[in-house]
Amino acid sequence: MAEQQAESSKEQLGVLICGHGSRNRLAVEEFAQMVEALRPRLAPMPVEHGYLEFARPILRDGLESLRQQGVTRVLAIPAMLFAAGHAKNDIPSVLNTYTAETGLPIDYGRELGVDRLMVSAAGARVQECLNEAEQDVPLAETLLVVVGRGSSDPDANSNVAKVTRLLVEGFGFGWGETVYSGVTFPLVEPGLRHAVKLGFKRVVVVPYFLFSGVLVSRIRQHTALVEADHPEVEFLSAGYLGDHTLVVDTFKERVEEVLRGDTAMNCSLCKYRAQVLGFEQDVGRAQESHHHHVEGLAESCTLCELECTGACQPDGVPIAHDHSHGSDHSHDHHHPPYPHAEHPLGPVTLKRASDAPKD
C-alpha cells in the first residue's frame, strides 16, 4: 500500500479545457479569459485549453503544452453546455487518438449540463436584464424565451427546455418557451412569432450560450424582426453566460468530479446508445471527429470589427468565405441527416430564405 501511495504521489495532473473554436475573435478572447479565471482556482495544477476548429491552440497543442510541463495524467473537460455530437464524438476522438500516439492517460469529464450553478448564472443574466428595463411589468405578465444552440441530438435539446422550466419557476414568469438558433425546431423567429400570440406584455429573450458569436448575433437580429411587427409587446434581450463566476465554478466542479471518479453521463437518453424515439438509426454510430479538415485554422472572420454582427449569415443563411481550405461558416461535416430537417418551424425556413430571389 505504501508503495502504491508513493507511486501515486509522483503523478502530475493537468487540466485541458476543450472548446469548439470560432472565427469570431471576440468569442475566442472570451474563452481564453474564462480559462484565465479558472487557473487560480485549480492551482497548482496547470490548466491549458484547445479548440476543435477555427482557432488556435488546437486540442493537441494544449495537450503538448501540458506534457512539456511534466503532466503525466490529463483531466479533460468539454466546454460544452450540453452533451451532443461535439462532446460525445468529436472531442473524445481527438483525445483517444492522442493517447494512442503518446501513451498519455486522459480522463474525460462531463459537460456543464443542467446544473444549479449554470441555472443560477443564467438567472443572474435574466435579473440584470430585468433591472435595466424602463417599464415595470409584473413577472406574471412576462414571457421568458430561452434560446439554445440546437442540435440533432434530442437529449441536448431537451436539456435546454429543462433550463427554461427551472428559470420560469425560479422567477415566477407567466410562461416559458424554448427555441433554438439552428439545426432543430422551433427556430428563433418562427418560435417567437408563435409565442407572441400568447398575449404577454413583455418577452425576455435569453441566449443560453457561453460566448459571443454569429449565433448570438442572429438571435438578436431575428428578435428585432419580430419586435418590429409587434410594437405592443416589449422585448428585452438578456446577456449570454460569458465568464460569470458561477460558470467558472462549474468548470472547477467538473474537474473535481473527474478526480472523484464521478463523471457518469446520461446514457439512458443518448441516441448513440439507446433506442430514442425517432433516432433509432443512430444507435451504435461510429465515434469519430468531423473536424479534421478545419482543425488548427486560425484565420479570423474580418467582416466585423470584433463582436460578430452576423454579417456572414443574414437571416441565418451563410455566405461562403473565400478561404483556401474551401470551408465557410456552415462547415458541413457530413453529419447524419436530422430527421426533422423539413419541419416548418425549423431548418427548412433557412433553405427558403436562401432560395428567395435577391434584390
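1. Two strands are taken to pair if DSSP finds at least two bridges between them. Helices (H or I, at least four residues) and strands (E, at least two) are DSSP runs, numbered from the N terminus. On these terms, four strands form an open sheet with parallel pairing, in the order 6-5-7-8. Its edge strands are strand 6 (175–180) and strand 8 (234–237), each of which pairs on one side only. From one strand to the next the twist averages 20°; axes are lines fitted to C-alpha atoms, for helices over the stretch in contact, and angles run from 0 to 180 degrees between N-to-C directions.

2. Basis of the note. This is a predicted model, in which local features need pLDDT of at least 70 and side-chain atom pairs count only at pLDDT 80 or more, while totals for chains, interfaces and linings use all residues. Residues are numbered from 1 along each chain as its sequence is written, and side-chain values use heavy atoms, with hydrogens and water left out.

3. Overall composition. The protein has 10 helices and eight strands. Of its 359 residues, 51% count as buried; buried means under 20% relative accessible area, exposed over 50%, and partly exposed in between (1.4 Å probe, protein chains only). The protein exposes about 16700 Å², of which carbon and sulfur atoms supply 52%. Accessible areas come from the Shrake-Rupley method with a 1.4 Å probe, and for residues only the protein chains shown count as cover. Among contacts (heavy atoms within 4.5 Å) with a separation of 6 or more, 79% are between residues 24 or more positions apart.

4. Strand 5 (residues 142–148) and strand 7 (residues 202–207) pair in the parallel sense over six bridges, and Leu 143 has Val 203 of strand 7 as its bridge partner. Strand 5 and strand 6 also pair in the parallel sense, over six bridges. In strand 6, Tyr 180 stands opposite Gly 148. From strand 5 the chain crosses through helix 6 (residues 154–171) to strand 6 in a right-handed β-α-β crossover. A crossover is right-handed if, with the strands pointing away from the viewer, the path from the first strand over the helix to the second runs clockwise. Helix 5 (residues 116–131) lies across strand 5, strand 7 and strand 8, and runs at about 140° to strand 7.

5. Val 179. This residue is in strand 6 and counts as buried because its relative accessibility is 2%. Neighbours within four places in sequence aside, Val 179 is in contact with Val 145, Val 146, Val 147, Gly 148, Pro 186, Leu 187, Val 188 and Gly 191. Val 179 and Ala 161 are 18 residues apart in sequence, with a C-alpha to C-alpha distance of 8.6 Å.

6. Four strands form an open sheet with parallel pairing in the order 2-1-3-4. Strand 2 (47–51) and strand 4 (106–108) each have a single partner strand, so one side of each is left without a neighbour in the sheet. Neighbouring strands of this sheet are turned by 25° against each other on average, direction ignored. Strand 3 (residues 73–78) and strand 4 pair in the parallel sense over three bridges, with Ala 76 opposite Tyr 108 of strand 4.

7. Helix 2 (residues 25–42) lies across strand 1 (13–19) and strand 2, at about 155° to strand 2. Helix 9 (residues 245–260) lies across strand 1, strand 3 and strand 4, at about 135° to strand 3.

8. Backbone geometry to inspect. Most residues other than glycine have a negative phi, and most peptide bonds are trans. The peptide bond from Ala 43 to Pro 44 is cis, with omega near 10°; Pro 44 is in the loop between helix 2 and strand 2. Phe 185 and Pro 186 are also joined by a cis peptide bond, with omega about -5°, and Pro 186 lies in the loop between strand 6 and helix 7 (188–195). That loop also holds Val 183, whose phi is positive, near 70°; Val 183 counts as partly exposed at 33% relative accessibility. Phe 54, in the loop between strand 2 and helix 3 (59–68), has a positive phi of about 65° and counts as buried at 4% relative accessibility.

9. Cysteines. The structure holds zero disulfides, a disulfide being a pair of cysteine sulfur atoms within 2.5 Å. Cys 18 is buried, with a relative accessible area of 0%, and Cys 129 counts as buried at 8% relative accessibility.
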